[in-house]
Each structure stands twice: as structure tokens, then as C-alpha cells.
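Ready for a few exercises in reading helix packing and strand pairing? Have the structure open beside you, and try each task before reading its solution.

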Amino acid sequence: MRRDVYTADHEAFRSAFRAFLDREAVPHADEWEAAGTVDRAFVTAAAGAGFLGFEFEAEYGGLGIADFRYNAVMAEEVAASGTAGDTFSMQNDIIVPYLRDLTDEPQRKRWLPRFTRGDLVTALALTEPGAGSDLAAIRTTARRDGDHLVIDGTKTFITGGATCDLAIVLVRTGERDGRGTTFVAVEHGTPGFGRGRPMHKIGRRAQDTAELVFTGCRVPVGNILGEPGRGFGSAIVNLPRERLSIAVSAVASAGHALNLALEHARARVAFGGPLAQLQSVRMTLAELHTDIQVMRHYIDRCVLALNTGELGADEAAGAKYKATELQWDVVDRCLQLFGGYGYMEEYPIARIWRDARIQRIYGGSNEVMKDLVGRAVVGR
Ligand SMILES: Cc1cc2nc3c(=O)[nH]c(=O)nc-3n(C[C@H](O)[C@H](O)[C@H](O)COP(=O)(O)OP(=O)(O)OC[C@H]3O[C@@H](n4cnc5c(N)ncnc54)[C@H](O)[C@@H]3O)c2cc1C
């Protein structure tokens with residue numbers, strides 16, 4: 001079936017972005033895996049080519065294009081390129097709504113032009129050592145002291161945490177409930193703000209993940225994002241978009257894994273012929289192919305629904321859990337088709353498999369996603 005969500009403009013954008021990745025990312029993928037982070041020059045090049053913050057208005061260096069199909073095209077191409085940095089999903093899919101919707105004009109002038117130039121790599125810091133799924137339990141505090149907030153606490157597992165120039169941090173400013181939290185932007189270099197070293201992960205090694213430590217960290221009240229006390233509510237508004245971004249990349253990664261497995265099954269000879277001619281292998285390939293087609297169709301509809309503001313939080317949660325479960329199933333079965341070669345680091349399927357595992361955990365674990373869907377189905 002032909003996919004009908006993308007226009008000729010999206011496809012032209014896809015070609016340009018693919019060429020960019022082939023030139024600027026693919027040759028460096030191994031180097032970034034070893035370094036634990038993508039090179040800063042890549043971010044600068046991406047910004048120079050217009051791939052960062054294109055949703056912002058032209059006065060801030062953007063293109064004023066608010067169409068999540070472009071974000072989806074990028075997620076698909078990143079997956080197909082076999083490079084696993086989270087630069088675009090983190091900056092464009094996750095952070096942009098915070099900087100666009102929670103900022104006032106002076107804040108936009110301070111941060112958006114730097115963001116679109118690639119001079120302001122950002123991170124979103126919600127999770128703490130003692131609070132992941134249960135975000136209302138965060139203990140990083142910010143107390144008011146004149147014109148400043150004084151932040152104390154620790155965030156963990158923060159994507160881009162080791163290299164970010166600006167962290168958007170959820171802090172406790174009141175009682176232990178959703179209304180007692182506030183978002184505040186903290187710039188690298190602020191005394192009392194420490195970025196940890198990249199954590200040693202089993203996958204997604206080209207993307208740094210780190211702890212952020214705040215010790216008597218003073219930031220001007222002008223760095224508060226959105227309404228004080230409403231941080232949790234803002235996160236809830238933005239999470240469906242983050243979850244859809246994960247779902248899009250999950251289906252794309254599954255599709256990429258299947259393409260590699262198909263290629264291998266056609267070329268690998270066993271019992272006198274190609275693996276792909278064995279009936280049970282064909283059945284496996286048929287199942288994976290069909291599952292991906294069905295899921296892709298649904299995720300395409302979710303992308304359109306996000307564009308029109310109709311994607312429900314429960315629908316995004318369902319899309320995230322179902323697409324990432326599918327990704328894991330497909331990628332694992334594709335690795336199996338490679339036999340022992342699939343377990344070797346030099347085979348791309350090995351990295352795809354390692355990189356896939358986290359998808360069922362971050363952005364809200366799949367158990368929490370099912371809880372959200374269940375509440376909607378049951379009617380709370
Ligand atoms: C590589 C990586 C990148 C990340 N990037 C970021 C980032 O950029 N910013 C950020 O803020 N965070 C980030 N995270 C954190 C991530 O979002 C959390 O790890 C995730 O939300 C789960 O929280 P937790 O690890 O504290 O697990 P817990 O909340 O302790 O959960 C442990 C287990 O209990 C289950 N569980 C919890 N609650 C329920 C429930 N109500 N019902 C059923 N089961 C439940 C979970 O599903 C899980 O299986 C990242 C994590 C990783 C590993």
C-alpha cells in the first residue's frame with residue numbers, strides 16, 4: 001500500500017536530509033559510539049543546513065514550519081542511516097515545544113537564535129535517582145531568594161546531560177503534588193550546576209546520558225519557564241509528542257532491521273539454497289513485514305492527529321508502547337536470522353538490537369503507558 005501522509009515537499013526534504021546524514025553522520029558513527037557522544041561539529045552542521053529548530057519563526061532563525069511530518073521523516077532517516085544519536089529527536093521533537101510555548105519574549109530572544117545556530121544544545125531533566133515513573137515525587141528543590149532561585153538536587157539519566165549548554169529542569173517549588181513543580185532553565189557555567197560524565201550504557205552509545213547535580217545553584221527568576229507551580233502540567237502537555245517521536249523511530253528502526261535481515265536471508269546459503277527459501281524463514285519474514293506495515297499505518301495516522309491537535313494522551317501512550325514492543329520483537333527476530341553473525345559487533349543488526357532496548361523504558365515505561373491507556377479505557 002502506498003503511504004499517503006507525505007507530500008512531494010516531505011519527500012524532497014527526506015532526500016536532502018538523507019544526503020546530509022550520509023555525508024555528516026554515517027562516516028562518524030563508530031567514532032561517536034566510542035566517544036559516547038556525537039561531535040559538536042555535527043550539531044553546527046545540522047543547524048547550518050536548517051535541521052534544528054525549523055519550527056521557530058524566522059526572526060529566531062527558524063523556518064516557521066510546524067508540521068510533525070518533517071520530524072517524522074527525520075526520525076525515519078536517522079533510523080535508516082544506522083546512526084543512533086538523539087540530536088534531532090531531543091532538540092526538535094522534545095525540547096522545541098518547551099522553548100516555544102513556555103517562554104516569554106526576552107527568553108526567546110536569549111535562547112532561540114542560539115538554538116537554531118547550533119550554539120545551544122539543550123536537555124530535559126525530569127528524572128531523579130528516586131523518582132522516574134512517579135514524577136510527582138521529585139525532590140530537587142528551588143527556593144526563592146530575592147531575584148533568584150536556589151536549586152539543590154540531582155537529576156539522572158539525562159539525554160545530552162554531559163554536553164548540554166542549557167538544561168530545562170523540573171524542580172519542586174511547593175507541596176508534593178502536581179501543582180508544586182516548576183520548570184527552570186539552567187545554563188552550563190552557572191555556579192553550582194554540575195554536568196556528569198557520560199554513563200556507560202548497553203546501547204545508544206553515540207548519545208551521552210548523564211547525571212546533573214545542583215548544589216546551591218543560583219539562577220535568575222527570569223529563567224523560570226511558564227507559570228510557576230505548573231511544571232508538571234506543562235510536562236503532561238508535551239509528553240504525547242515525545243512519545244510519538246519514540247513510536248515513529250521504533251517503527252523505522254524495525255523496518256531498517258527487516259531490510260537488513262532480508263538482504264542476509266537472500267544471500268546466506270544453508271541446506272543447498274538461500275535461507276529466504278526455507279518456508280519457516282519466509283513465514284517469519286512475512287509476519288515481521290505485515291506487523292510493520294500495520295503499525296506504520298497507525299503511527300502515520302497519529303502523526304496527522306498530532307498535527308491537528310487531536311492526538312489524545314492515551315493514544316500517544318498506546319502508540320509508544322505498541323510500537324516499541326513491536327520494534328523489540330522485530331529486531332530480536334531479525335538478529336536471530338543472522339545466526340552467530342548477528343551477535344558480532346561489526347554487524348549493524350547487533351547495534352540496532354542494543355539500541356532498541358531502552359525504547360520500552362524511557363519516555364515513560366511501557367507499563368506506565370498501559371496504565372494510562374487502561375485508565376482511559378476504563379474511564380478512570
Ligand atoms: C538512556 C536513557 C535516556 C533517558 N533520557 C532521559 C531524559 O532525557 N530526561 C529525563 O528526565 N529522563 C530520561 N530518562 C529516564 C527515563 O525516562 C526513566 O528511566 C523512566 O521513566 C523509568 O523511570 P525509572 O528508571 O526511575 O524506573 P522506575 O520508575 O523505578 O520503574 C521501575 C519499573 O517499575 C515499573 N513501574 C513503575 N511504575 C509503575 C506503575 N504505575 N505500574 C506498573 N509498573 C510500574 C516500570 O515500568 C519499571 O519496569 C532516560 C533513561 C535512559 C536509560
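The model is predicted, so local features need pLDDT of at least 70 and side-chain atom pairs count only at pLDDT 80 or more, while totals for chains, interfaces and linings use all residues. Residues are numbered from 1 along each chain as its sequence is written, and side-chain values use heavy atoms, leaving out hydrogens and water.

**Exercise 1. Helix 8 and helix 9**

Task: describe how helix 8 packs with helix 9, and sort the contact residues by class.

Solution. Start with the elements: helices (H or I, at least four residues) and strands (E, at least two) are DSSP runs, numbered from the N terminus. Helix 8 covers residues 279-307 and helix 9 covers residues 313-337; their axes lie 10 Å apart at an angle of about 155°. Axes are lines fitted to C-alpha atoms, for helices over the stretch in contact, with angles from 0 to 180 degrees between N-to-C directions. Helix 8 is therefore roughly antiparallel to helix 9 (under 35 degrees is roughly parallel, over 145 roughly antiparallel, 65 to 115 roughly perpendicular, the rest oblique).

Next, list the contact, meaning heavy atoms within 4.5 Å. Finally, the classes: 14 nonpolar, one polar and six charged. Here Ala, Val, Leu, Ile, Met, Phe, Trp, Tyr, Cys and Pro count as nonpolar, Asp, Glu, Lys and Arg as charged, and the others, Gly among them, as polar.

**Exercise 2. Helix 9 and helix 10**

Task: work out at what angle helix 9 and helix 10 pack, and which residues make the contact.

Solution. Helix 10 spans residues 348-356, and its axis is 9 Å from that of helix 9, at an angle of about 155°. The two helices are therefore roughly antiparallel to each other. On helix 9 the contact uses Gln327, Trp328, Val331, Asp332, Cys334 and Leu335; on helix 10 it uses Ile349, Ala350, Ile352, Trp353 and Ala356. Sorted by class, these give nine nonpolar, one polar and one charged residues.

**Exercise 3. Helix 4 and helix 7**

Task: find how helix 4 and helix 7 cross, and what their contact is made of.

Solution. Helix 4 (residues 68-81) and helix 7 (residues 231-267) have axes that come within 8 Å and cross at roughly 40°. That angle makes helix 4 oblique to helix 7. Among the contact residues are Ala72, Ala75 and Ala79 of helix 4, with Ser245, Ser249 and Ala252 of helix 7. The contact divides into eight nonpolar, five polar and two charged residues.

**Exercise 4. Strands 2, 3 and 7**

Task: trace the pairing of strand 3 with strand 2 and with strand 7.

Solution. Two strands pair if DSSP finds at least two bridges between them. Strand 2 (residues 141-145) and strand 3 (residues 148-159) are antiparallel, with five bridges. Ala142 has Ile151 as its bridge partner, and Arg144 has Leu149. Two residues lie between the strands of this hairpin, where Gly146 takes a positive phi near 65°. Strand 3 also pairs with strand 7 (residues 209-220), antiparallel over nine bridges. In that pairing, Val150 stands opposite Arg218.
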